[in-house]
Amino acid sequence: MAKTKHPQKLAQWRNRIVATAEVAPDSLLASERNWRGHGQSQASALSGVLADVGLVAPIIVNRRTSPEWPDGQRNVETLVDGHLRVTLALRTGQPTITVSFVDLTPAEEAEVLLTFDPIGAMATADKEKLDTLLRECAT
């Protein structure tokens, strides 16, 4: 993670989303730096949700236009988040998938890759609310 001090009042967040589009899944390139693996149980669970509900969050793709990217990696649009959704889209013949394009430096992309899922996993569960949701869901 970037080593920045977090003052009491933070500056306004930068919006790093530069575009959104419907993109053919076979045109998307997996990140060579993706450290997450997706087993069969996760793929089955996500397939079920996608079949029941559909796509509710876009794939994130980095445009990599920064001159900090080395030759061969600059201007190569690469997945930052959504590798499994793209894989499942390919398996099921989805014609397009929604993509949010961002434009991050190598260091920023590394920070997002390292922290995106782990920060979400830090959330705690409210057992009562979870139980209520489980009773409401027929999946």
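1. Setting aside neighbours within four places in sequence, Asn62 touches Trp69, Val76, Glu77, Thr78, Val80, Val102, Asp103, Leu104 and Glu109. This is a predicted model, in which local features need pLDDT of at least 70 and side-chain atom pairs count only at pLDDT 80 or more, while totals for chains, interfaces and linings use all residues. Residues are numbered from 1 along each chain as its sequence is written, and side-chain values use heavy atoms, with hydrogens and water left out.

2. Is Asn62 buried or exposed? Asn62 is buried, with a relative accessible area of 0%. Buried means under 20% relative accessible area, exposed over 50% and partly exposed in between, with a 1.4 Å probe and protein chains only. Asn62 belongs to strand S2, residues 59-62. Helices (H or I, at least four residues) and strands (E, at least two) are DSSP runs, numbered from the N terminus.

3. The side chain of Asn62 reaches two backbone nitrogens: that of Arg64 at 3.2 Å, and that of Leu104, which lies 2.7 Å from a polar atom of the side chain.

4. Helix H1 has 13 residues, which at 1.5 Å a residue should span 18 Å. The expected span is 1.5 Å times one less than the number of residues. The end C-alpha atoms of H1 are 18 Å apart, which agrees. After H1 comes Gly54, whose phi is positive, near 105°.

5. The second largest pocket has a volume of about 330 Å³. On a 1 Å grid over the protein atoms alone, a pocket is an open set of points where a 1.4 Å probe fits, with protein on both sides within 12 Å along at least five of seven lines; lining residues have an atom within 4 Å of a point. A volume is the space filled by probe spheres set on the points.

6. Which residues lie nearest the centre of the second largest pocket? They are Gln42, Leu46, Asp81, Gly82 and Arg85, out of 17 lining residues. Helices H1 (40-52), H2 (83-91) and H3 (106-121) each give two or more residues to this lining, and H1 gives the most, with four.

7. As for the whole protein, it has four helices and four strands, in the order β-α-β-β-α-β-α-α along the sequence. Buried residues make up 27% of its 139 residues. Of contacts between residues at least 6 apart in sequence, 81% join residues at least 24 apart.

Note on methods. Polar contact = N/O pair within 3.5 Å; in protein donor to acceptor, adjacent residues only side chain to side chain. Contact = heavy atoms within 4.5 Å.
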